[in-house]
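Dear colleague,

Please find below the structure that I am handing over to you. My notes on what was found in it follow directly after it.

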Amino acid sequence: MVLSPRESGEFISSHAKHVILPPEGIEKAAEVVLKCLQEKQFTITGWWKSHELNPQSSSPFALDWVFLADTLNFSFWAEKGKAYKITFNGKTYTGYWSLCAAMNRAMQEGYDITSPAYYASISLNELSHIFRSDTGVEVPLLKERHKILQETGKCLVEKFNGTFSTCVAMANNNAQNLLKIVLDNFPSYRDVATFDGQNVTFYKRAQILIADIWLCFEGKGYGAFNDIDSLTIFADYRVPQALVYLGAMKYSDELLTKLKSDELLENGDRYEVEIRGCSIQACELICANIKGKKSAGTVPKDLYINSILIDNFLWEYRRSHATEMEHIPFHKTRCIYY
């Protein structure tokens, strides 16, 4: 039996030896999230388009842009002294936004980068040029990105009329249908592990792909998923850092020592799986806390909350509080899944 990401988070957290979820920390984090929700900082409308690198249209092009971005949305943490930065239209970007900047720069330079037919046969040299950085540092896992692009592009051309919009149409406005289509056809999205003999799943990029479509189209048209709340947060290496900072997660001394020493954790390692699984469960508890306040009538009934919005909050919160979080180590795993 394979557990869903939500079931996996619950299972992993209940068997974790190195990560705990303090109830008082969950309460505190829920209060911080709730405040931002009430101030309408994170809603389905506006958040996506507030980022200048995101596509602003509601067209099939936007779907292919989102699919390309999330197909390559992994491993952007930089080793010390090896910063990966891209300047585009006068602004310098790091992390995930450096990927978006590279894509948009490529389009500006005439590359048909969002076309599956193009990247199905893209050369390694051309991809290296597209991802060139200001610092001369090569994008992490360049050869893996090249292989994934080619296999993904070929699949879309051969099975889905050369566009990801075909996959979205086949899903019939159902997030779980689309999740299955993605996992069945694109191997690089199969983000799984074994923990205490149990097969668990995270599906970080597959879930964020669907969430990005929902946000890009503001829950309408291609983004109208009738079960969008079935998705969890997207377990990466930055969201746990924010959760620890807020007190919603706490590491054992043993794990903390490993993280502070910058020890590289293998994908599937127990420490890594506990961090990712517990971050999912922590956010499930935060979401349940806020929904409980809605039921009790202490917050407006029309306040909308789901795991996607919580993830958006935590991801942005980490970026805006980066200086204050410098003392909290994040786990470092070099893989294609996040």
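Met 325 is buried, at a relative accessible area of 0%; buried means under 20% relative accessible area, exposed over 50% and partly exposed in between, with a 1.4 Å probe and protein chains only. The residue belongs to the segment after helix 14 (307–320). Helices (H or I, at least four residues) and strands (E, at least two) are DSSP runs, numbered from the N terminus.

Please note that this is a predicted model, in which local features need pLDDT of at least 70 and side-chain atom pairs count only at pLDDT 80 or more, while totals for chains, interfaces and linings use all residues. Residues are numbered from 1 along each chain as its sequence is written, and side-chain values use heavy atoms, with hydrogens and water left out.

Leaving aside residues up to four places away in sequence, Met 325 touches Gln 241, Ala 242, Tyr 245, Tyr 317 and Arg 318, where contact means heavy atoms within 4.5 Å. Between Met 325 and Glu 79 there are 17 Å in space, C-alpha to C-alpha, and 246 residues in sequence.

Helix 11 (residues 239–246) is largely enclosed by the rest of the structure, because 7 of its 8 residues are buried. These are Val 239, Pro 240, Gln 241, Ala 242, Leu 243, Val 244 and Leu 246. Their cover includes helix 2, strand 6 (250–251), helix 13 and helix 14. Gly 247, which follows helix 11, has a positive phi near 90 degrees.

I turn next to the helix packing. Two packed helices are described by the angle between their axes and the distance between the axes. Axes are lines fitted to C-alpha atoms, for helices over the stretch in contact, and angles run from 0 to 180 degrees between N-to-C directions.

Helix 1 (residues 5–15) packs on helix 13 at about 115 degrees, with the axes 7 Å apart. Helix 1 is therefore roughly perpendicular to helix 13 (angles under 35 degrees count as roughly parallel, over 145 as roughly antiparallel, 65 to 115 as roughly perpendicular and the rest as oblique). The crossing is left-handed, a term used if the near helix is turned anticlockwise from the far one by less than a right angle, with right-handed used if clockwise. By class, this contact has 5 nonpolar, 5 polar and 5 charged residues; Ala, Val, Leu, Ile, Met, Phe, Trp, Tyr, Cys and Pro count as nonpolar, Asp, Glu, Lys and Arg as charged, and the others, Gly among them, as polar.

Helix 2 (residues 23–38) also packs on helix 13 (residues 270–296), at an angle of about 65 degrees and with the axes 9 Å apart. This crossing is right-handed, and its contact residues comprise 10 nonpolar, 1 polar and 2 charged.

The axes of helix 3 (residues 60–71) and helix 4 (residues 95–108) come within 10 Å and cross at roughly 130 degrees, so the two helices are oblique to each other. Helix 3 contributes Phe 61, Trp 65, Leu 68 and Ala 69 to the contact, and helix 4 contributes Tyr 96, Leu 99, Cys 100, Met 103, Asn 104 and Met 107.

Finally, a search of the whole structure finds 0 disulfides, a disulfide being a pair of cysteine sulfur atoms within 2.5 Å. For Cys 36, the nearest cysteine sulfur is that of Cys 283, 14 Å away. Cys 36 counts as buried, at 12% relative accessibility. Cys 335 is likewise buried, at 7%, and its sulfur is 18 Å from the closest cysteine sulfur, in Cys 278, too far for a bond.

Yours sincerely
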